[in-house]
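Subject: Structure handover

Hi,

Here is the structure for your files. My notes follow below it.

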Amino acid sequence: MPAGFSSICCNVSDAGCARSGDQDLDAAVIGAGPAGLMASEALLERGFSVELYDSMPTPARKFLLAGKGGLNLTHSEPFENFLERYGPGRARLEPHLRAFGPSQLRDWAAQLGISTFVGSSGRVFPREMKAAPLLRAWLRRLREQGVKLHSRHRWVGWTAGGELLVRTPEGEITVAAPAVVLALGGASWSRLGSDGAWVPWLRQRGLAVATLRPSNCGFEVEWSEKFRQRYAGHPVKSVTLSHAEVVRRGELMVTEYGLEGSLIYPYSPALRDEIEARGEATVQLDLAPDRTLERLQRELALPRGSRSLSEHLRRRAHIEGVKAGLLRELVSASLEEDLSRLGACIKALPLRLRATRPLEEAISSAGGLVFDELGPDLMLRRLPGVFAAGEMLDWEAPTGGYLLTACLATGRAAGVGAANWLSRARAAAPERADNKSGGQPAGGRS
Ligand SMILES: Cc1cc2nc3c(=O)[nH]c(=O)nc-3n(C[C@H](O)[C@H](O)[C@H](O)COP(=O)(O)OP(=O)(O)OC[C@H]3O[C@@H](n4cnc5c(N)ncnc54)[C@H](O)[C@@H]3O)c2cc1C
């Protein structure tokens, strides 16, 4: 593969195929989210030219949205615990996270002028909490390094000759580059650009892609009309949730259709898989996590006098508002006067989940391009010169900064891999280095 392979960027409908792109293009990066930007940076730092294509009018829209409620960049827990959060994906991600993990990420942000801090939960945020200042500084640096960003340029697959086919406002063009990085994201919040349309295009090239499924998602519960009307939008504060012997404490949000919130999101893989297998999953809520069952039963057994049951529960167990609503919703009326059994229900209230909310609404996607298709440098084994990174790969992780860290780490690894590929090609074919029109595009068929 020759270095400096020419980028042929032409209007496909033009019979003469006039060139309009950079004649010395080394790498085309598709997707200007965190993974694609990081891949571009790694290539630029190593002296390679990069053209970056994104279907949206502006880059990194999901990253900007992630910054709305406080951009959780990474996590400060011990690295071994950090790695464990990636579950079955750990083995494939570990080398990339070792090369670019939480501490490298914080140093990298600092070099962009963005200082970070560790919140009380151990999560790491930029001092200003938002994504916009970081993105602005990052794009400025990338432009200084020479990146060419093409917005409203949607990659739609490959031509028969293996060039990238790109739809622009002016029509379709083809792009040929000796190295290509795909960083197309998952398929949630498609209005921000990542719509998963790439899945069939990769499958058509014989690549295995695990079906994209919701991760860090809400779940559906069949609420009664009365409960829904009264409590939709109410937070359920400080409860524990257990499922399959995993117990966590936190907050839930009752919604029109079920439950959302940081407490239930980490259970997404297990609950989603159970619902797919059995049609439903049951979790247990502890509405009074600060009291043992014995203490609760003792307090509930105290004389109630003329007080109503609701008042008794409020006084003795601090069960009121949405917690009392949940108890009424999920416990049969016949149990209500059996205070000992009611105490047991408060400590382990079974809640049946019927379905995950749609992928479109999820924070992230599970599934994606399977790692067996990729070499250790994230190059596609079947498409030499084509690399892939970010959420489009088959891994999932909970919220807490793990998503962005792995997207940036794999983006960097794919960029470094592509740079090494280009260097090897340059070394192998020095005599062709000046031949700007020779060679073959990455992933070409011939
Ligand atoms: C509400 C919300 C909050 C979040 N908060 C956090 C958080 O605080 N911390 C955290 O770690 N993670 C968070 N995430 C997740 C995080 O934002 C994503 O995991 C991350 O953005 C994925 O990066 P990526 O580069 O792989 O893909 P994306 O950011 O999805 O970028 C993919 C890019 O590819 C472009 N693209 C797609 N297809 C094409 C095509 N065919 N042609 C051209 N361009 C294309 C898209 O337009 C997009 O710009 C949050 C997500 C959501 C939805």
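A residue counts as buried if 20 or more other C-beta atoms lie within 10 Å of its own, as exposed if 12 or fewer do, and as partly exposed in between, with C-beta atoms placed from the backbone. This is a predicted model: local features need pLDDT of at least 70, side-chain atom pairs count only at pLDDT 80 or more, and totals for chains, interfaces and linings use all residues. Residues are numbered from 1 along each chain as its sequence is written.

Two loop residues first. Trp189 sits in the loop between E11 and helix H7 (198–204). Helices (H or I, at least four residues) and strands (E, at least two) are DSSP runs, numbered from the N terminus. Trp189 has 21 C-beta neighbours inside 10 Å, so it is buried. Its phi is positive, about 50°, though Trp189 is not a glycine. Leu378 lies in the loop between E20 and E21. Phi of Leu378 is also positive, near 70°. Leu378 is buried because it has 28 C-beta neighbours inside 10 Å. Most residues other than glycine have a negative phi.

Now the strands. Two strands pair if DSSP finds at least two bridges between them. Five strands form an open sheet in the order E7-E3-E2-E11-E21, with parallel pairing. Its edge strands are E7 (148–150) and E21 (386–388), each pairing on one side only. E2 (residues 27–30) and E3 (residues 50–53) share four bridges. Ile30 has Tyr53 in E3 as its bridge partner.

E20 (residues 364–369) pairs with E12 (residues 209–215) in the antiparallel sense, over five bridges. Six of the six residues of E20 are buried, so the strand is largely enclosed by the rest of the structure.

Best wishes
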